Amino acid sequence: MPYDRFFVDAIAQLHAEQRYRVFADLERIAGCFPRAIWHAPNGQREVVVWCSNDYLGMGQHPSVIGAMSETAKRLGTGAGGTRNISGTSHPLVELEIELADLHGKEAALVFTSGYVSNQTGISTLAKLIPECVILSDALNHNSMIEGIRQSGVEKRIFRHNDVGHLEELLRTVGRARPKLIVFESLYSMDGDIAPIRRICDLADRYEAMTYLDEVHAVGMYGPRGGGIAERDRVMHRVDIIEGTLAKAFGCLGGYIAGTATLIDAVRSYAPGFIFTSALPPPICAAATASIRHLKVSQVERQNHQDRVQRVKAELTAAKLPVMASDSHIVPVRIGDPAKCKAASDMLLAEYGIYIQPINYPTVARGTERLRITPSPCHDDIMIGQLVAALSDVWHQLGLPHESAACAAEIRDHRAKS
């Protein structure tokens with residue numbers, strides 16, 4: 001049986017659909033973010049990274065690096081086992097206390113990644129609630145979709161950020177049946193923000209629980225970095241908050257926060273928590289240091305928002321098709337998978353600018369884009385180089401500039417805001 005043939009055909013299918021992913025071999029330089037060394041096929045080159053999810057550059061912050069290195073020297077590198085078998089280190093306990101405090105909840109539970117915290121958290125919660133129905137936003141992340149699928153419970157999909165449609169579905173389910181509304185605060189590909197307060201109003205009216213993914217917002221928004229829910233003063237109204245330590249906090253891991261009883265139930269039943277090794281103590285210590293710093297420091301968030309607005313203004317002035325966004329995500333529409341990949345390749349090879357192409361299935365076909373994520377460390381010179389490079393690439397590839405559709409989208413967005 002020629003088993004390799006199956007794999008060859010599968011990869012060929014991805015190439016034919018312009019969906020084959022190529023990874024850039026990057027070596028970040030501590031203290032020089034967003035600069036990195038690209039290990040290119042023809043040798044090493046310095047590049048500027050414009051698509052990192054280390055949104056605030058906390059992965060290179062001295063206090064974070066110091067906490068990790070000092071803890072590794074004291075406690076070693078590995079966790080030593082699962083949480084139940086010697087893996088519950090004191091730095092991990094401290095991290096969970098810090099996370100619960102960040103979100104104003106009684107308790108928190110740390111997982112090995114944000115993906116796992118959604119996948120196993122949602123599925124476990126839903127299984128523990130008899131006759132549960134999950135109501136899920138149409139653009140929820142794959143980790144949430146997988147968690148819903150693995151729960152095996154009934155699901156209803158509401159149109160993206162459409163509270164009217166959500167209420168229709170809640171009405172059909174009825175108040176008596178247990179319900180879990182699952183949604184994100186900030187959607188990472190379009191950069192739009194959920195109407196959290198209105199969703200919580202519906203949850204109260206129809207007696208539903210709320211599960212909010214704050215992955216792309218924790219550390220970034222709110223007086224202490226608690227996310228969009230903290231910024232909008234509705235954090236106390238959300239039942240379960242999920243987040244990551246791998247983006248704005250610059251480390252690794254995911255978590256959920258909620259009541260002590262809910263967290264204890266997930267801790268006791270979730271296979272993705274029970275049967276995997278715990279996060280190592282150095283990573284936990286580094287994440288705690290990052291959270292503590294961002295709880296009291298506004299500098300990173302203020303500088304970040306300044307850079308985001310500067311990038312949006314410069315790209316718009318250059319007539320590049322910037323998609324409307326209320327957040328730090330800056331999507332630039334291309335609308336063709338081959339040209340999106342070509343634009344990314346040209347930026348990297350000819351201009352030393354790394355922006356990964358975003359194609360299907362991450363986004364819908366026809367909405368392919370470059371997803372730019374400015375950081376506080378991108379200076380005016382870098383921004384000028386980015387705009388000039390994008391303008392050159394747009395010209396070389398014959399890409400349209402601000403299209404009528406995109407302009408209308410931007411005008412509509414500005415009118416609403």
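Okay, let's start with the open sheet: it has 7 strands in the order β4-β10-β9-β8-β7-β5-β6, and the pairing is mixed. Strands here are DSSP runs of E with at least two residues, helices are runs of H or I with at least four, and both are numbered from the N terminus. Two strands pair if DSSP finds at least two bridges between them.

Before I go on, this is a predicted model: local features need pLDDT of at least 70, side-chain atom pairs count only at pLDDT 80 or more, and totals for chains, interfaces and linings use all residues. Residues are numbered from 1 along each chain as its sequence is written, and side-chain values use heavy atoms, with hydrogens and water left out.

Let's zoom in on one pairing. Strand β5 (133-137) runs parallel to β7 (179-184), with 4 bridges between them. If you look for L135, its bridge partner in β7 is I181.

Now the helices. Helix α4 (90-102) lies across β4 and β10, at about 125° to β4. Helix α7 (163-173) lies across β5, β6 and β7, at about 155° to β6. Those angles run from 0 to 180 degrees between N-to-C directions, with axes fitted to C-alpha atoms, for helices over the stretch in contact; contact means heavy atoms within 4.5 Å.

Next, the largest pocket. A pocket is an open set of points on a 1 Å grid over the protein atoms alone, where a 1.4 Å probe fits, with protein on both sides within 12 Å along at least five of seven lines; lining residues have an atom within 4 Å of a point. How many residues line the largest pocket? There are 50, and R21, H141, M189, I358 and T362 lie nearest its centre. Among the elements giving two or more residues to that lining are α1 (3-16), α14 (337-351) and β9 (240-244).

Last, a few backbone details. The peptide bond from F33 to P34 is cis, with omega near 15°, and P34 sits in the loop between β1 and β2. Another cis bond joins Y360 and P361, omega about 10°; P361 is in the loop between β13 and β14. And S86, in helix α3 (83-87), has a positive phi, near 70°, though S86 isn't a glycine.
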